[in-house]
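Subject: Handover of a structure and the findings from it

Dear colleague,

I am handing over a structure to you with this message. Please have it open while you read the notes that follow.

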Amino acid sequence: MKGRVGVLLLLYIISTLEGVAHTFSCKLEYSARPGRRTVDVGRKAGLSARPPLAAFIVDASSVLTNVGDFYKSSRYLSAFLISGLGASAADYVTQKRELWQKEEGKFVSKRNLALLLYGGIYQGMAQEYIYNTIFPTLFGDASTIRTVASKVLVDMLIVSPMISLPAAYLFKALVFRDSLSKSFKRYWKDIFQQKLIFKFWAVWVPVQTLNFSIVPPHLRVTVIAVVAFFWLMILSSVSSSDAEP
């Protein structure tokens, strides 16, 4: 089963990179030196109109530059895409693993939709705004120990238990048309009985410490999305255990 998870994760990463690169790419251009004409890499290398990912090795630095520009110029779109697709993929792997272990039941598409919306709207777009607009306004952009520690503490003690985790249960309630009271009762039950908040801290305290200290702002949500692929496997399993669709 671990082998299947690894393959699915690899395919997800490759498809994400290829999709982002293709946004810029069939006619990927670069300038060799100032004053020289622009060279169409795709035409020069004889590539097809829709080249595979391997074709971009021709000029890897240009691809990385353009991907970085995409994240900078389309902050919320890129955040929604990578976080939403990652969340959906994480739940897909989790459900398949549960079905394989139980040898019964069926894939719950509504559960997957709830994680996709949570990943795209909250983990992607909302966290892009929180971490790259609100936090810099409150704490500044410095990478000092005091600034990083302040961001991590506020994130772990206020944002996460009051917004981040409840949001996942809220999206699930909306998709399954459950009452909000039932949803939040389930949340508090998982917090205390399943020790959900301690599992959250164990994963995200070190990740966010690195994120706020060394990761460029336009790549922070991407780092969160990569780690969230594994975290959402835990959250998907915990939030759905003993729960009826």
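A polar contact is a pair of N or O atoms within 3.5 Å; within protein, one of the two must be able to donate a hydrogen and the other to accept it. Please also bear in mind that this is a predicted model.

The definition applies to Ser78, where a polar atom of the side chain lies 2.8 Å from the backbone oxygen of Ser74. Ser78 belongs to helix H4, which spans residues 75-102. Is Ser78 buried or exposed? Its relative accessible area is 4%, and Ser78 is therefore buried, since buried means under 20%. Apart from neighbours within four places in sequence, the residues in contact with Ser78 are Phe70 and Tyr71.

The chain as a whole

The protein chain contains 9 helices and 2 strands. Along the sequence these elements follow the pattern α-β-β-α-α-α-α-α-α-α-α. The chain has 245 residues, of which 42% are buried. Among its contacts with a separation of 6 or more, 73% are between residues 24 or more positions apart.

Helices H6 and H7

Helix H6 covers residues 145-176 and helix H7 covers residues 180-193; their axes come within 9 Å and cross at roughly 130°. H6 and H7 are therefore oblique to each other, and their crossing is right-handed. Which residues meet where H6 and H7 are in contact? From H6 they are Pro161, Leu165, Pro166, Tyr169, Leu170 and Ala173, and from H7 they are Leu180, Ser183, Phe184, Arg186, Tyr187, Asp190 and Ile191. Sorted by class, this contact of H6 with H7 comprises 10 nonpolar, 1 polar and 2 charged residues.

Arg186, one of the H7 residues in that contact, has a relative accessible area of 15% and is therefore buried. The C-alpha atom of Arg186 is separated by 8.0 Å from that of Tyr169, although the two residues are 17 residues apart along the chain. Tyr169 is itself among the H6 residues that meet H7.

Helices H6 and H8

H6 also packs against H8, at an angle of about 135° and with the axes 10 Å apart. That angle makes H6 oblique to H8, and H6 passes H8 in a right-handed crossing. By class, the contact of H6 with H8 holds 14 nonpolar, 4 polar and 2 charged residues. The H6 residues include Val148, Val152, Met156, Leu157 and Ser160, and the H8 residues include Phe200, Trp201, Trp204, Gln208 and Phe212. Leu165 and Tyr169 of H6 are among the residues that meet H8, and both are also among those that meet H7.

Two loop residues

Most residues other than glycine have a negative phi. Where does Arg177 lie? Arg177 is in the loop between H6 and H7, and its phi is near 60°, a positive value. With 78% relative accessibility, Arg177 counts as exposed.

Lys195 lies in the loop between H7 and helix H8, the latter being residues 196-214. The phi of Lys195 is near 55°, also a positive value in a residue other than glycine. At 47% relative accessibility, Lys195 counts as partly exposed.

Yours sincerely

Notes
Residues numbered from 1 in each chain as written. Predicted model: local features only at pLDDT ≥ 70, side-chain atom pairs only at ≥ 80, totals over all residues. Heavy atoms only, no water. Axes fitted to C-alpha atoms, helices over the stretch in contact; angles between N-to-C directions. Helix = DSSP H or I, 4+ residues; strand = E, 2+ residues; numbered from the N terminus. Parallel < 35°, antiparallel > 145°, perpendicular 65-115°, else oblique. Left-handed = near helix turned anticlockwise from the far one by under 90°. Contact = heavy atoms within 4.5 Å. Nonpolar A, V, L, I, M, F, W, Y, C, P; charged D, E, K, R; others polar. Buried < 20%, exposed > 50% of the residue type's maximum accessible area, 1.4 Å probe, protein only.
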